[in-house]
Amino acid sequence: MAAVLTSMRALFLATPAFVIDHETPADVVAREALLDRAMGEDRRKKSSEKIRRNRIPAEGLALVARDRDGHVIGTVRLWNVEAGVSREGQGVDALLLGPLAVDAAHAGKGVGGALMRAALLEAKTRGHGAVLLVGDAPYYERFGFFAEKTQHLVMPGPFARERFLALELVPGWLEGTAGMVVATGRRLSHPTDRRRAA
């Protein structure tokens, strides 16, 4: 019996409850439905959304969590931004994280944490210096995000100062930065743009 239980445990552990994967175009409908369920219809009115609107996520930094059947149960995306300017007046490249969402049926299973760790590791691997977000400080502090790093930065539109957080992937990256966070990422091309280019 012990051998059978050991074999069953090995089989279960060999098939994880979820996997982290790069988002594909086939995930768009499932991702948007998940975000609507998790964040409500007002999600498109947030300051962060103004930065993301009509932009494409940073290269390689749109991730999903899939269950054993391949269904999208979590999502996180990071976006290229300029985090104000340095003391010398140069724009400071950074990433804006969000939204992070997990299907309610899978809450408390470590999906959100796994997505965060994977996204931050990928961002660091790709040479990014800092990540900003607007979110719940007690949750994000465990990943190294703190409000002190954003004290001289502002978001477009209303935002809660205590929820505006940052993590430096490169120590000192945000030191001395001040000003508005603005989008710098690739623009989403519209069908009308493609017609004009043809």
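Predicted model: local features only at pLDDT ≥ 70, side-chain atom pairs only at ≥ 80, totals over all residues.
User: In which loop does Asn54 lie?

Analyst: Helices (DSSP runs of H or I, at least four residues) and strands (runs of E, at least two) are numbered from the N terminus. By that numbering, Asn54 lies in the loop between helix 3 and strand 2 (62–67).

User: What kind of model is this, and which pLDDT do side-chain atom pairs need?

Analyst: Residues are numbered from 1 along each chain as its sequence is written, and side-chain values use heavy atoms, leaving out hydrogens and water.

User: Which stretches have a pLDDT under 50?

Analyst: The protein chain averages a pLDDT of 87, and 85% of the residues score at least 70. Over residues 1–12 the pLDDT is below 50, and this stretch has one contact (heavy atoms within 4.5 Å) beyond near neighbours in sequence.

User: Which peptide bond is cis?

Analyst: Most peptide bonds are trans. In the loop between strand 4 and strand 5 (101–102) lies Pro99. Omega is about -10° for the cis bond that joins this residue to its partner, the pair being Gly98 and Pro99.

User: How many residues of strand 3 are buried, and to which strand do six bridges join it?

Analyst: Strand 3 is mostly covered, with 11 of its 14 residues buried. Strands pair if DSSP finds at least two bridges between them. Strand 3 runs antiparallel to strand 2, with five bridges, and to strand 9 (residues 178–183), with four. Six bridges join it, also antiparallel, to strand 4.

User: Which glycine takes a positive phi in the hairpin of strand 3 and strand 4?

Analyst: The hairpin of strand 2 and strand 3 has four residues between the strands, and Gly70 in its turn has a positive phi of about 90°. In the hairpin of strand 3 and strand 4, five residues lie between the strands, and the positive phi near 85° belongs to Gly89.

User: In strand 6, which residue is the bridge partner of Leu95?

Analyst: Strand 4 (residues 91–97) has five of its seven residues buried. Leu95 of strand 4 stands opposite Asn80. Strand 4 and strand 6 pair in the parallel sense over two bridges, and there the partner of Leu95 is Val131.

User: Why is strand 8 largely enclosed, and which of its residues is the bridge partner of Leu132?

Analyst: Five of the five residues of strand 8 (residues 164–168) are buried, so the rest of the structure largely encloses it. Phe164, Ala166 and Glu168 cover one side, and Leu165 and Leu167 the other. Strand 8 pairs with strand 6 (residues 130–134) in the antiparallel sense over five bridges, and the partner of Leu132 is Ala166.

User: What distance separates the C-alpha atoms of Met155 and Lys50?

Analyst: Met155 is found in the loop between strand 7 (153–154) and strand 8. Its relative accessibility is 3%, and it therefore counts as buried. Met155 and Lys50 are 105 residues apart along the chain, and their C-alpha atoms are separated by 9.4 Å.

User: Which helix gives the largest share of the lining of the largest pocket?

Analyst: A pocket is an open set of points on a 1 Å grid over the protein atoms alone, where a 1.4 Å probe fits, with protein on both sides within 12 Å along at least five of seven lines; lining residues have an atom within 4 Å of a point. The largest pocket is lined by 26 residues, of which Glu23, Arg31, Pro57, Arg77 and Trp79 lie nearest its centre. Helix 2 (28–39), helix 3 (47–52) and strand 3 (72–85) each supply at least two lining residues. The largest share, four residues, comes from helix 2.

Technical notes
pLDDT = per-residue confidence, 0-100. Buried < 20%, exposed > 50% of the residue type's maximum accessible area, 1.4 Å probe, protein only.
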